[in-house]
Amino acid sequence: MTTEPLIYLNGDIVESAEARISPFDRGFLWGDGVYEVTPCFGDQMYRLEDHIDRLYRSLRYVRIDPGQTAAEMVAATEALLAANKDRLGSNAMYRIGHWVTRGEDTASMRVHAAGPATVMIFFRPVDTAAIARNYAQGLKMTVSSVRRNPPECVETRAKVTSKMNQILAELDAATRDSLPLMLDLAGNIAETSVANFFLVRDGVVWTAPERNILEGVTRKVLFELCERLDIPLEEKLFTMYDVAQAEECFITSSAICATPVSSIDGFTPKFDVPGPITTRLIDAFAADTGYDFRKTDAVA
């Protein structure tokens, strides 16, 4: 009997091996779609409504009608979770993917002729051992020569499936066995290829303003946690000069929450990894999610 999680595809819950999408789907042909990734700890979906809200903001931006309301998308996700109750590990960690494309292209290839939308929801397991290791050791990063797409071209706050900009940055950094840190066109720190970036300087958490980055849900959670813990936080433009002075650096993203960074282009934070503020935030994330990210086999 297979234990591969079932997926939701266009209104049906099916085995992943049985799922069929047209080779002429515009998501495949043109990267014409949006997506969302929600963490799931055991059987607890974390901030699902926030992720679905961002999904629908992205859909409005690219003018795709998914054929269902946000509430119906939440209900479909809950139904898929219930259908997978015997296939998901109780102590495991998953990423829930919501992928929506404009649908099948026509022979004309005109954008307005495509449709209806393709909607897929799925669960993918997370490598928790790697997360625990990164929490203990930190991540190595390098500044990529690939600049972040400016919002004047494609809005950075929208989570679109056309990821070649970030993929090229990731390939660039991989040649140096690290993860990429991307700059905007003016040389300010933007984000990584998959996560929002933060540093701590003089006890204050800094992060780039939303204009240059993805509007991260986990970033939003971190803002809430900083307020709860009385940790000062500022959204501001900053450069590698400021990174060189940083006491701590970390990144945030779904399913990794706040992961410390050990070095960026040879610059190391002044505090050992994880630093004191990063540790407080990791503790707060563990309490908020009910999952201790430093362990590989335990739901708190």
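This is a predicted model: local features need pLDDT of at least 70, side-chain atom pairs count only at pLDDT 80 or more; totals for chains, interfaces and linings use all residues.

Visitor: Okay, how many helices and strands does the protein chain have?

Guide: It has eight helices and 14 strands. The radius of gyration is 20 Å, close to the 19 Å that the globule rule gives for 300 residues, so the chain is as compact as a globular protein of that length.

Visitor: And what does the C-alpha trace span along its principal axes?

Guide: About 55 × 45 × 35 Å. Of the 300 residues, 53% count as buried. The accessible surface comes to about 14,000 Å², and carbon and sulfur atoms account for 53% of that.

Visitor: Let's switch to the sheet with six strands. In what order do they sit?

Guide: The order is S2-S1-S6-S5-S3-S4, in an open sheet with antiparallel pairing. At the edges you'll find strand S2 (12–14) and strand S4 (44–45), each of which pairs on one side only.

Visitor: What holds strands of a sheet together in general?

Guide: Strands pair through backbone hydrogen bonds, in either a parallel or an antiparallel way. Here, strand S5 (residues 93–101) and strand S6 (residues 118–125) are antiparallel partners over eight bridges. To spot one of them, look for Thr 101, whose bridge partner in S6 is Thr 118.

Visitor: Which helix packs on that sheet?

Guide: Helix H3 (residues 70–83) does, and it touches strand S1 (7–9), S2, strand S3 (33–41), S4, S5 and S6. The direction of H3 makes about 40° with that of S6.

Visitor: New topic: Arg 54. Is it buried or exposed?

Guide: Buried, because its relative accessibility is 3%, and the cut-off for buried is under 20%. Arg 54 lies in helix H2 (residues 48–62).

Visitor: Which residues is Arg 54 in contact with, leaving aside neighbours within four places in sequence?

Guide: Those are Glu 36, Lys 159, Leu 214, Glu 215, Gly 216 and Val 217.

Visitor: Last one: how many disulfides are there?

Guide: The count comes to zero.

Note on methods
Residues are numbered from 1 along each chain as its sequence is written. Side-chain values use heavy atoms; hydrogens and water are left out. Two strands pair if DSSP finds at least two bridges between them. Helices (H or I, at least four residues) and strands (E, at least two) are DSSP runs, numbered from the N terminus. Contact means heavy atoms within 4.5 Å. Axes are lines fitted to C-alpha atoms, for helices over the stretch in contact, and angles run from 0 to 180 degrees between N-to-C directions. Buried means under 20% relative accessible area, exposed over 50%, partly exposed in between (1.4 Å probe, protein chains only). A disulfide is a pair of cysteine sulfur atoms within 2.5 Å. The radius of gyration is taken over C-alpha atoms; the globule rule is 2.2 Å times the number of residues to the power 0.38. Accessible areas come from the Shrake-Rupley method with a 1.4 Å probe; for residues, only the protein chains shown count as cover.
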